[in-house]
Amino acid sequence: MTREDFKNAKFIDIHAHRQLEQQDTVIIYSFAPGLNELPPKKTLFSAGIHPWNMNEIDISESFLQITSLSKNQELRFIGESGLDSSIEIPLSEQENLFLKHFELSESTKLPLIIHCVRQLSRLLEIRNKRRPRSSWIIHDFNGNQQMIEQCLREGSNKIYFSLGPRFFKSPHSKIANSLKSLPLDRVFFETDDQEEINVKMIYEEFAKRNQIEISSLKEQVIKNYKAL
Ligand SMILES: [Zn+2]
């Protein structure tokens, strides 16, 4: 999807690793230097180094590339970047790299798209200390009511929740059971790295569970995107 297509779009896939051509969907392609290809011109994208890939690429070279892309009009988010306590890479190293993304997000005023596994409290500590001006989107969010409330208490600028495969595929996940705690003006949807689902399916599931019209959900998400 290109910038021009955005105004006619119905659905937004805020975080996708593949560019699946879909007429009625804006896809924000997740570019990972050293691991996948830069998208064709005019494609909206994010750029970042995922903690899982820290040992697979040259980090300083990749980060330089991300920094130079930040002049590109189609770059819409910094990330994904984040903290993950389920992997071997020491959290201190992950955090150093996350903070570089954080600083870039602040200096470019682009929202930060965050990967977070069992590190929400640490993320919120960082946030409290550094008081970002750019918005944060926690992608494939899987938190319970208490975690959602913690995020919502974070003042000044906003934390958004992007719901993806976790929510869609696991009806008993924390997030699937906490939908009522999510304000609609803080939600996005994504397919992440899943090929067999599209974002419409995720919108539909969310709309069904919340008993809202798909059309008003689409409008709300476009509003949320503009508010970023
Ligand atoms: Zn991802």
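Ten aromatic pairs turn up in this predicted model, where rings of Phe, Tyr and Trp (its six-membered ring) pair if their centres lie within 6.5 Å, and planes under 30 degrees apart count as stacked, over 60 as edge-to-face and the rest as tilted. Take phenylalanine 98 and tryptophan 136: their ring centres sit 6.0 Å apart and their planes meet at 85 degrees, so this pair is edge-to-face. Phenylalanine 98 belongs to helix α2 (residues 91–108) and tryptophan 136 to strand β6 (residues 136–138), so the pair ties together parts that are 38 residues apart in sequence. Helices (H or I, at least four residues) and strands (E, at least two) are DSSP runs, numbered from the N terminus. Phenylalanine 98 is buried, with a relative accessible area of 0%, and tryptophan 136 is likewise buried at 0%. Here buried means under 20% relative accessible area, exposed over 50%, and partly exposed in between (1.4 Å probe, protein chains only).

Phenylalanine 141 and phenylalanine 161 make another edge-to-face pair, with 4.7 Å from centre to centre and 65 degrees between the planes. Phenylalanine 141 comes from the loop between β6 and α4 (145–153) and phenylalanine 161 from strand β7, so parts that are 20 residues apart in sequence get tied together. Both of these phenylalanines are buried. Elsewhere, ring pairs join Phe11, Phe167, Phe189, Tyr203 and Phe206 into a cluster.

A word on the ground rules: residues are numbered from 1 along each chain as its sequence is written. Since the model is predicted, local features need pLDDT of at least 70 and side-chain atom pairs count only at pLDDT 80 or more, while totals for chains, interfaces and linings use all residues; side-chain values use heavy atoms, with hydrogens and water left out.

Next comes the metal site. The zinc ion has His15 (NE2), His17 (NE2), Glu80 (OE) and Asp192 (OD) as its protein donors, at 2.1 to 2.2 Å. Donors are N, O and S atoms within 2.8 Å of the metal (3.2 Å for Na, K and Ca), and water is not among the atoms, so sites may look incomplete. Along the chain, the donors follow the spacing H-x1-H-x62-E-x111-D. Histidine 17 lies in the loop between β1 (11–16) and β2 (25–31), and aspartate 192 in the loop between β8 (187–189) and α6 (199–210), so the two tie together parts that are 175 residues apart in sequence. Histidine 17 is partly exposed at 26% relative accessible area, whereas aspartate 192 is buried at 10%.

What about the cysteines? Searching the whole structure gives zero disulfides, a disulfide being a pair of cysteine sulfur atoms within 2.5 Å. Cysteine 116 is in none, and the nearest cysteine sulfur, that of cysteine 151, is 8.2 Å away. Cysteine 116 is partly exposed, with a relative accessible area of 21%, while cysteine 151 is buried at 0%.

Serine 46 sits in strand β3 (residues 45–47) and counts as buried at 1% relative accessibility. Leaving out residues up to four places away in sequence, serine 46 touches Ile28, Tyr29, Ser30, Phe31, Leu75, Phe77, Gly79 and Ile113, where contact means heavy atoms within 4.5 Å.

Finally, there is helix α7 (residues 214–227). Its buried residues are Leu217, Lys218, Gln220, Val221, Ile222, Asn224 and Tyr225, and what covers them includes β1, β2, β4 (75–84), β7 (159–163), β8 and α6.
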